[in-house]
Amino acid sequence: MPIIEARGLARTFTSHKRVVEAVRGVSLSVREGEIVGFLGPNGAGKTTTLRMLTTLLKPTAGTATVAGADLLRDPAGVRRRIGYVPQAIGQTGGGSDPNAMVTEELTLQAQLYRVPGAEIAPRTEAVARQLELSGLSGRLVKTLSGGQRRRLDIALGLVHSPALVFLDEPTTGLDPQSRSNLWDHIRGLRATLGTTIFLTTHYLDEADALCDRVLIIDNGRIVAGGAPEELKRRISGDLVTLLVNGDPGLASGVLAGQRGVRDIAIDQHTLRLTVENGEEALPGLLRALDAAALTLVSIQLARPTLDDVFLTLTGRSLREDSPAAPAAPSEPVTMAAAR
Amino acid sequence: MFFVRDTLLIFRRQLRLSLRNPAWVIIGLVQPILYLAFFGPLFATVFRNGLIKGAGNAYGYFVPGLLIQLGLFGAAFVGFTIIADWRYGVIERLRVTPVSRLAILAGRVLRDVVTLFVQAIVLVLAGVAFGLRAPLAGVLIGLAFIAVVAVSLAAVSYTVGLLTKSEDVLAPALNMVMVPLMLLSGIMLPLTLGPGWLQGIARATPFRYIIDAMREAYAGQYLNAIMVEGIAVSIGLAAVCLWLAGRVFVRQNA
């Protein structure tokens, strides 16, 4: 039984006669113990989907079952079983009150989740230790550093040991060290407690580092889903760039027939090949060139990034979010591992 | 049943934050105390010269007005705190937990009533220092009225705050409503001094009935038509405000 099962979730916002379809039919399925990421540019519908799944926003269409409770019929049941950490930037902050003390916030949270009285102190201490907040109990939240405050936000979502946690852009706005630190904590959660984690991000390295599965979302729809490596391999392919001392046309002909070579582009003496499984194909390419007595001046292998995947699917780059080409029709690409 | 427990949780949290920052509690008192000290004696002279008809002594007439002013401006502006909490993400954080959403409102309103009580007691004691003489029962009844007014106004303020989520909208909205209501409630001078049309408009506002009832209480008159009117209006006002607020706080979307 998947811990999240959503079918056709949609959300439309109407204001001042303008209709914004923030989410247009998102269906997804998450197994227990998975770390799943929603990757997409700002405005893609990540936060809106998350807020629907956590009962903060009513879907305008669609149904879902979250942690065993029906989203529309038993929102209170959903709330009891999940944790949610909002994003720290944007219109609203990450959830911690700057004027409160760290222990007060953790204790209140435990009480709100109806953690039995005797367990409150051990639970808050445990979660503080887990996120390296132990020495900070008496401090006012506004005196914490950015990284500490974000860890507190996350601690607030975990104090009741939920089986499922939603993290909205967990590391946005943090310095690289805090980010990598947080990733360790997030991985640790799944490793030690088996917590299922559903996060949103617009950072490629975060999606790569943390997620078992990535759901790429653009314009309110999921355009692809699968393990990061698999998405990169299937959708983009590796890029092999080589410089030959000789007739590039001849080289192209020799290489075109090689296994895995999907595409060749010639730019004077430089050949750019799109190859499936570049590292395995490389020896074959070299041997083919050798056999044809072509001299290879240089060769380069570039792994695709999730940005390349996004570019292939939508015609835009995640980085600049500027339209590079007319957007490709976003039809969901079903991958073997995605459901 | 969880509602009571949740309300107390929220109440204690709000109280703790208030105690850590008592400046606002004190600032809320400044305006009425200034009116008491600097306007009170002027009013008392006018009262004693018979221009204002009222049972009891001058301050017995004046202080209820000040208490309503305290309630009006104290309770009406609490909406700003919920906007601030919204910005920190605290409201969403609360809403995603199983806590009763009504308790999020009730806990805050309770804290505001307690704060107002403390301020009201200080104001009454100051009034006594200036010459207020009123029966204890009357003072207590007055406090009860203030509590009900505070509940109504705080509920509305939180509701508008949560709906607009913007200080830029809340502030003018509140001022637009509060100032005329205050002027039409006879806080400073009795409306009977005014022309018929003014009294007519005032009859449509709730606070004048409440102030009149409080003044009766301070004069030792507990059972008459004015008192009954005051009680009915204050309870009616609270019921409407709480119902509205309840609907906004409980609905699915923030």
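I started with the radius of gyration of chain B, taken over C-alpha atoms. A compact globule of 254 residues would have a value near 18 Å, and chain B agrees because its own value is 19 Å. The globule rule is 2.2 Å times the number of residues to the power 0.38.

This is a predicted model, in which local features need pLDDT of at least 70, side-chain atom pairs count only at pLDDT 80 or more, and totals for chains, interfaces and linings use all residues. Residues are numbered from 1 along each chain as its sequence is written, while chains are lettered from A and ligands numbered from 1 in the order in which they are written.

I looked up confidence next. Chain B has a mean pLDDT (the predictor's confidence in each residue, from 0 to 100) of 87, with 96% of its residues at 70 or more. The model has ipTM 0.84 and pTM 0.83.

I then read the fold of chain B. I found eleven helices and zero strands (DSSP runs: H or I, at least four residues, for helices; E, at least two, for strands; numbered from the N terminus). Of its 254 residues, 46% are buried, meaning 20 or more other C-beta atoms, placed from the backbone, within 10 Å of a residue's own.

Last, I checked the contact between the chains (C-beta atoms, placed from the backbone, within 7 Å). Chain A gives 24 residues and chain B gives 22 residues. On the side of chain A, helix H2 (75-81) and helix H3 (102-112) are the elements that give two or more residues. H3(A) supplies the largest share, four residues.

Definitions and conventions:
Two residues are in contact if their C-beta atoms, placed from the backbone, lie within 7 Å. A residue is buried if 20 or more other C-beta atoms lie within 10 Å of its own, exposed if 12 or fewer, and partly exposed in between; C-beta atoms are placed from the backbone.
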